[in-house]
Amino acid sequence: NLSLVLRHICSAGSGVSRAHLARHTGLTRATVSELVDLLLQAGMVRELTPQALAGAGRPATPVIPAEQGLRGIGIDIAVDHIAVCTVTLTGTMATQRVIEGEFALSDPERLLARVSRMVEATIADTAAAGAQVAGVCVALPGLVDPEHSRLRHAPNLNWSDLPIGELFRSALGRPELAVLVGNDASLAATAEVLIRARREDVRATADFLYITGEVGIGGAIVRRGELSGGTRGWAGEIGHTNIDANGELCTCGARGCLERYAGKAAFIARAGLPPGSSWEQLHRSIATGDPAALAAVDEVGAALGVAAASALNVLDIDTILLGGAYASLAGHLVPGILAELRNRVIAVSFAGAEVYVEGALGGEHAALHGAGLTVVNAVLANPSAWLDPAS
């Protein structure tokens, strides 16, 4: 019940009265008042000035999330950047620190120590603002073990079998700090669910396959607005879908993976740009109508479409959202992807169903946002852990 009331207050978008909460949660007025008082004591919500009612009765006192209440810290460790943010109980990213660079072959302990310094500065700023850190979640470009806060394998970072939670707690000198880990694509999809739920100008969908293009290619499956992680939480690894059994060797050790045809390096090579060129350079080549870049768009779109069609046939999902660098290229990539989907997805060919491919709305730091949001979601699911023990 405490979670129910707090979630409603945080998602309302404006102040809500105790009477409103009682009507919309099905709880009694007395129960709601008791729960709101607990949340007030914990500093998670605050009251506004009482507002006079149109008719008879005592003025209603609206309740809103406390701006300086609990916050989640999100961390994103990627091949080309490291970043730290804070997210409020309403799911809004409040602060952000980003350092661009080349981290593919970085020593794990040194890089984690550098990120820890960014986290320390963020914690200090959060405390100075009167807020409290509820925990940390780290987004990583690879397979993770969330239960043990451990990275299993991140081929594009060249990292394997690292106790991320333990290393961060040690570097920060905070053994009590909750440190979660998550796959970057899955966390980006988590942010996408929240963003799309708050937008009235986009097509509503609670089921989608999220495909993100960075140095590698990640993916996530969302069902009824919730991540569908699979047995080990590793579902969605579409970057290692096979396109050509005899194709190029991938960093994962297999041949012909989608990443070798539609990842950043492959895309740039097909566009005729020098190795190490940025996504921005690729954008410019496409915008100026460079023939090689336009041909690369067609080839990458087709490869993505072939891989996505196999996924849609297995999952029976009708929507693909393109995240990361693919989001800004969606206008160019969608036609090629759709052509393959309409030719290969059984539901389209034999049942007349429609498939949709759209750019994601989360922006370039969606995984970072989703990491902080994951901490916030844990608070919303169990706010009693943050109550004053005396209560």
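1. Contacts of Arg-174. In this predicted model, Arg-174 touches Ile-123 and Arg-169 once its neighbours within four places in sequence are set aside. The residue belongs to the loop that runs between helix 5 and strand 10 (179–183). Its relative accessible area is 30%, so Arg-174 is classed as partly exposed.

2. Helix 4 against helix 5. The loop with Arg-174 comes between helix 5 and strand 10, and helix 5 (residues 164–172) itself packs on helix 4 (residues 108–128). The angle is about 60° and the axes are 9 Å apart. The two helices are therefore oblique to each other. Helix 4 passes helix 5 in a crossing that is right-handed. On the helix 4 side, the contact is made by Leu-112, Val-115, Ser-116, Val-119 and Glu-120. Helix 5 contributes Ile-164, Leu-167, Phe-168, Ala-171 and Leu-172.

3. Helix 1 against helix 2. Helix 1 (residues 2–11) and helix 2 (residues 18–25) pack with axes 11 Å apart, at an angle of about 115°. They are therefore roughly perpendicular to each other. This crossing, in which helix 1 passes helix 2, is right-handed. Leu-4, Val-5, His-8 and Ile-9 of helix 1 make the contact with His-20, Leu-21, His-24 and Thr-25 of helix 2.

4. Helix 6 against helix 14. The axes of helix 6 (residues 184–197) and helix 14 (residues 366–381) come within 7 Å and cross at roughly 75°. At that angle, helix 6 counts as roughly perpendicular to helix 14. From helix 6, the residues in contact are Asp-184, Leu-187, Ala-188, Thr-190, Ala-191, Leu-194 and Ile-195. From helix 14 they are Ala-366, Ala-367, His-369, Gly-370, Ala-371, Leu-373, Thr-374 and Asn-377.

5. Aromatic pairs. How many aromatic pairs are there? The count comes to two. One is formed by Phe-267 and Trp-279, with 6.0 Å from centre to centre and 90° between the planes, an edge-to-face arrangement. This pair joins distant parts of the chain, since Phe-267 is in helix 8 (residues 264–270) and Trp-279 in helix 9 (residues 279–287), twelve residues apart. Trp-279 also pairs with Tyr-326: the ring centres are 6.4 Å apart and the planes are at 80°, so this pair too is edge-to-face. For reference, the centres of paired rings must lie within 6.5 Å. The link is again between distant parts of the chain, from Trp-279 in helix 9 to Tyr-326 in helix 11 (residues 325–328), 47 residues apart.

6. The aromatic cluster. Through these ring pairs, Phe-267, Trp-279 and Tyr-326 are linked into a cluster. Are its members buried or exposed? Phe-267 and Trp-279 are both buried. Trp-279 has 8% relative accessibility, which puts it in the buried class. Tyr-326 has a relative accessible area of 0% and is therefore buried. The cut-off for buried is under 20%.

7. Charges over rings. Arg-203 lies over the face of Tyr-356, 3.8 Å from the ring centre. In another case, Arg-232 has its charged end over the ring of Trp-234, at 6.0 Å from the centre of that ring. The criterion asks for CZ of Arg within 6 Å of the ring centre.

8. Positive phi at Asp-161. Most residues other than glycine have a negative phi. Asp-161 is not a glycine, yet its phi is positive, at about 50°. This residue is placed in strand 9 (residues 159–162). Its relative accessibility is 42%, so Asp-161 is counted as partly exposed.

9. Positive phi at Arg-224. Arg-224, which is not a glycine, also has a positive phi of about 50°. Where is Arg-224 found? Its place is the loop between strand 12 (217–223) and strand 13 (226–227). With 72% relative accessibility, Arg-224 counts as exposed, the cut-off for that class being over 50%.

Terms used. Residues numbered from 1 in each chain as written. Predicted model: local features only at pLDDT ≥ 70, side-chain atom pairs only at ≥ 80, totals over all residues. Heavy atoms only, no water. Phe/Tyr/Trp six-rings, centres within 6.5 Å; stacked < 30°, edge-to-face > 60°. Helix = DSSP H or I, 4+ residues; strand = E, 2+ residues; numbered from the N terminus. Buried < 20%, exposed > 50% of the residue type's maximum accessible area, 1.4 Å probe, protein only. Lys NZ or Arg CZ within 6 Å of the ring centre and 35° of its normal. Axes fitted to C-alpha atoms, helices over the stretch in contact; angles between N-to-C directions. Parallel < 35°, antiparallel > 145°, perpendicular 65-115°, else oblique. Left-handed = near helix turned anticlockwise from the far one by under 90°. Contact = heavy atoms within 4.5 Å.
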